[in-house]
Structure formats: structure tokens, C-alpha cells
Amino acid sequence: MDNCNICKLQDNPIYEDDLIRAVLHKKPSAPGHIIVFPRKHYTIFEQVPDIEVARIFSVANKISTAVFESLQMHGTNILVNNGLAAGQQDNHFVVHIIPRTEGDGLKLEWKPKQLSEEEMSTVELMLKPVAEVMQEPPVEPKKEEKKEPEKLGDENNYLIRQLRRIP
Amino acid sequence: MEDPAAIEEKLKSMSPEELKEFQKKNCIFCHIISGKVQSKKVYEDDVCTGVLDINPANPGHILLVPNEHYAIMPMMPDDVIARMFQVAKHLSQSMLKALKAQGTNIFVANGVAAGQKAQHFMIHIIPRMPDDGVSFSLPQKQLTDSDMDEIAKRIRNRLNDLLGIKEEPQQVAGKKVANVQTDLDAVSKIFKNG
């Protein structure tokens, strides 16, 4: 996309192939902070096709190991901020790889909430019927023609509309 | 309770297979997957299982774990990683639909310093609402260009070793620049599952 910062991003390259790219984050939370992203423009996780999801995360695993070993880190986090409410900053889906050391001061944690048994059961009743069945995409022969990125149903449009407002 | 020193001796003398069996026997997530320990499962297939976290960041927080016992991510085969994150995408979408979540975080902690608590690999899928009291704050720092160059070079070299890729440096406008355009055929063979 023309006005997307991530689509244009090439500085400090770490990895590139036909589907994805990984670069150092320009304003890192720690030295070696990397973002991995699809070369095609997708705004949120749900829009990214399975093949690209597979590639991004299997490469992210290898990059995590490379960062851990080459910079002698104590650990790594893999983080996706999907949607404005989740802290998404750019209009383009990215996966963060964040190197960690003891006492680095990064707060990537949460205060657990205490739910009653009733509250837990309510959530289970709402979520399970939708979560337990994953639609397998039909296997289609590969087409060469240009395609519009997958359009999602209405339930995701509000996320995309929010994100379009990001310059 | 067995004496800790005796346990340590026992562990030292175990083969990798015996050690793995020992870990599984003492792993609460393996017990959850097998049904020995009660849980609220919301997703299950051949590769992985998703359960509701009983101490959630937000209601609906799912822990997605591989059915096979892997303690850390580098030990996991590419096809299992691929499948698990495809499932994570589906579970994220389920939260948007069923819980009217306004966003989701996908979070993995590799190593104690990164917040890893259990000895069984897991992906956290966390539904988010505005002002829910949860924050994955990513502070922004500035490094010098030369530091960035050095860091990128070190990571690329290690990564290319891990992937078995040979990198040829090339001249670009008088400056030696690493050729990151790797052999696409070699790379797609490594990730032949997609």
C-alpha cells in the first residue's frame, strides 16, 4: 500500500523471502527487537492467509533463536498487538520479537483477574461453540490473476475502520 | 517427599527420552490435555488444545498448548508451530465474534526472563477491551545507526547459519551491503509445509 510505513520498510534487514520480511524495529524496546511481517498489506491477524501465518511464525521461531544466541539474551517474547484496543500502532499486521534479559525493566505481564465459577462458565458457554470448530479452507488450485485481499464479515470492519485512522 | 539431592542425581543419570517422560509425568498441562486434571477446554485437535486460563488477564483468555510435550519453542517442529498459530488466528477471531472483543494479543514467553512460567510451551490469546487494565507496553528507545548495523549483522549471520543459507556480500553504491535476497528455492524447501 502506498502510504503504509511498514510496506515500505527495508532498513536493517534481518530476513526476506517471497512472502515475508523481518527488520530491526526502528525504535526498539531492547537491542535486537525485530518485527516480522507479510510483504502484502494486511491490517489485522484475521486477514492474513494461513500460508503466510505459517511462514511468519516458523521464521519468527528461528529468528528468536538467532537473537537469543547471537546477542546472548536470557529469553525472548513473541507479541502480536491485534487491534487498537490491543495496542496496535501501525496499519499493517506485524509480529514483534523482543529480546529479554533479567532486570531489563520491560513490563510484558498482566495482573490476573479473579473470576467466579459462574463467570468462568458464562464465558465458556459464549466462546466454546464458536471456538471449537475451525473452518478448514477449501484447497483451491493456485490462480495467477491479481486478487483483492480477503474481505471479512461485518464483525471485523470496526477494527479496520479504527485502524484506517492511523496516519 | 524425595530428597532434592537424590532427585537431582536421578535426573543427571537419565537419558533424553527418560528425562522427557519424567517431565511429562510432572507436567500439569500434559495432565490437562489427557483429562487427568479438570479444565475448560474450548478447542481440541490432533496437534493442540486450547483451555480457558483460570487466572486470566481478561475473561476468555485462552492458553493454547501442543498435545505433545515441548518445553520450549526452539524444540518445536515447523509444522506444529505453523498449525498452532493458524489455530491462534481462529481463536482470536472467535473472541472478536463471541465475546465482542475489540482486539486481541497473541503472546509467547520463551525463558524465565521473558515471563515463562510453565515447562510446557504455550501461546496466550488474550481478548482486549479499551480501558481493561491490561497493557503490553513497548517503550521506544533510540540506538545509533552503527549499533543497529552491528546488531543486524550479528543476528543475520546467526540466522543464516541456522537456516543453512550462504550470504554473498555485494557492492551497492560503493558500500558493501549484505545480500538479504536469499535463494528463494532453498528457503521454500525449508518451509515446504507452507
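This is a predicted model: local features need pLDDT of at least 70, side-chain atom pairs count only at pLDDT 80 or more; totals for chains, interfaces and linings use all residues.
Student: What makes B:Asp78 and A:Lys62 a salt bridge?

Tutor: The cut-off is 4 Å between a side-chain nitrogen of Lys or Arg and a carboxyl oxygen of Asp or Glu. For B:Asp78 and A:Lys62, the closest N and O atoms are 2.7 Å apart, so the pair falls within 4 Å and counts.

Student: How many salt bridges are there between the two chains, and how many residue pairs in polar contact?

Tutor: You get 4 salt bridges, plus 32 residue pairs in polar contact, with both residues at pLDDT 80 or more.

Student: Which element of chain A gives the most to the side that touches chain B?

Tutor: That's H2(A), with 17 residues. Helix H2 covers 50-70, and other elements giving two or more residues include strand E4 (75-82) and helix H3 (117-131) of chain A. By class, that side of chain A has 41 nonpolar, 24 polar and 22 charged residues.

Student: Why are E4(A) and E4(B) called paired?

Tutor: Pairing needs at least two bridges. E4(A) and E4(B), residues 103-110 of chain B, have 7 bridges in the antiparallel sense, so they qualify as a pair. One of the links joins A:Ile78 to its bridge partner B:Val108.

Student: What is the area buried between chain A and chain B?

Tutor: About 7,700 Å², with carbon and sulfur atoms giving 63% of that. The contact takes 87 residues from chain A and 84 residues from chain B.

Note on methods: Residues are numbered from 1 along each chain as its sequence is written. Chains are lettered from A and ligands numbered from 1 in the order in which they are written. Side-chain values use heavy atoms; hydrogens and water are left out. Contact means heavy atoms within 4.5 Å. Buried area is the accessible area (1.4 Å probe) that two parts lose on being put together, summed over both. A polar contact is a pair of N or O atoms within 3.5 Å; within protein, one must be able to donate a hydrogen and the other to accept it, and residues adjacent in sequence count only if both atoms are side-chain atoms. Helices (H or I, at least four residues) and strands (E, at least two) are DSSP runs, numbered from the N terminus. Ala, Val, Leu, Ile, Met, Phe, Trp, Tyr, Cys and Pro count as nonpolar, Asp, Glu, Lys and Arg as charged, and the others, Gly among them, as polar.
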